Amino acid sequence: METGGVDLHIHTTASDGSLTPSQVVEAAARMKISALAITDHDNLSGISEALKTGERLGIEVVPGLEISTEEGKEEIHILGYFVDYQAGWLNKLVNGLQKKREERIRKILIKLANLGVYLQEDDVREVAGKGSLGRPHVAKVLLNKGYVSSISEAFRRYLGNYAPAYVPRQHITAAQAVSIIRKAQGVAVLAHPGFIKDERRITELFGLGIQGIECWHSEQDGDISRKYVKLARRHGLVVTGGSDFHGRQFGSNRQLGKPRVDEVVYEELRAFYLGMRAKEVNYKLGS
């Protein structure tokens, strides 16, 4: 069995994953992963549970989140690592983002009804459990009700970007997401840059305070990874990587720990964070 390594992009039932925070950490322990990051979509509620389980099992858990943004027709996701997940203002903001997600789901259900596809909000909430509502939960209900034969078909026919029942997110910009994460004392990292069609969007982020790039991802091949490592090094940014694991409930084939990123990557990220905090303390002491 492969041992060591880290996975810095994981989702749980706090958003649209299929494993609870504890189950994720326990699975990582069985796989001998040494550190992982909980990065639920617009949600911090799974972090405390994961930290407690990590402490019990001797696995370092990084408190994080993933903020979804839109720039034009591009979805850009920003990961935040080592955020102050207990900060009152941050929890209030994240709760607001979750309410916007709920409003979006209601609009999607209305569009589906207009297409002759009738789903109940309670059914979506039952699939989501305690997690914040998202399109994968609607896709699961479409599958359960027999409207589609797979999760991928649900997105292709109804829910994917600019499909008939698509509803844009409540607008939050990448710049705002970076600002939120940095205010929360976290490290702001661009998620899966290989998903972004217009690469000018990536370089624009360099002027907005982005601090790192997710160079390794389950759906980015080796050439793409090397490309973004070079780009990150050229601009003095930290490099990260992770599986973007959600579990199999929503049709995802991404596996926990694949890719399994070298522990040196995590140590560089942690050193960057600690150096950033030290600069803040020194600044306050000198003011």
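Is Tyr-273 buried or exposed? In this predicted model, Tyr-273 is buried, with a relative accessible area of 14%. That value lies under the 20% limit for a buried residue.

## Overall form

The protein chain contains 10 helices and seven strands. Its C-alpha trace spans about 60 × 40 × 40 Å along the principal axes. For 287 residues, a compact globule would have a radius of gyration near 19 Å, and the 19 Å of the protein chain agrees with this.

Of the 287 residues, 54% count as buried. Among contacts between residues at least 6 apart in sequence, 72% join residues at least 24 apart.

## Surface and charge

The accessible surface of the protein chain amounts to about 13,400 Å², and carbon and sulfur atoms account for 50% of this area. The protein chain carries 39 positive and 35 negative side chains. The centres of these two sets lie 3 Å apart.

## Aromatic pairs

A pair of aromatic rings is described by the distance of the centres and the angle of the planes. The count for this model is two aromatic pairs. Phe-82 and Tyr-273 form a stacked pair, with 4.5 Å from centre to centre and 10° between the planes. Phe-82 lies in the loop between strand S4 (74–81) and helix H3 (88–114), while Tyr-273 belongs to helix H10 (residues 263–286), so the pair ties together parts that are 191 residues apart in sequence. Phe-82 is buried, with a relative accessible area of 11%.

Tyr-162 and Tyr-166 form a tilted pair, because their ring centres are 4.9 Å apart and their planes stand at 50°. Tyr-162 is partly exposed at 46% relative accessibility, whereas Tyr-166 is buried at 4%.

Terms used: Residues numbered from 1 in each chain as written. Predicted model: local features only at pLDDT ≥ 70, side-chain atom pairs only at ≥ 80, totals over all residues. Heavy atoms only, no water. Helix = DSSP H or I, 4+ residues; strand = E, 2+ residues; numbered from the N terminus. Rg over C-alpha atoms; globule rule 2.2 N^0.38 Å. Buried < 20%, exposed > 50% of the residue type's maximum accessible area, 1.4 Å probe, protein only. Contact = heavy atoms within 4.5 Å. Areas by Shrake-Rupley, 256 points an atom, 1.4 Å probe, with all protein chains shown as cover. Lys, Arg positive; Asp, Glu negative; His and termini not counted. Charge placed at Lys NZ, Arg CZ, Asp CG, Glu CD. Phe/Tyr/Trp six-rings, centres within 6.5 Å; stacked < 30°, edge-to-face > 60°.
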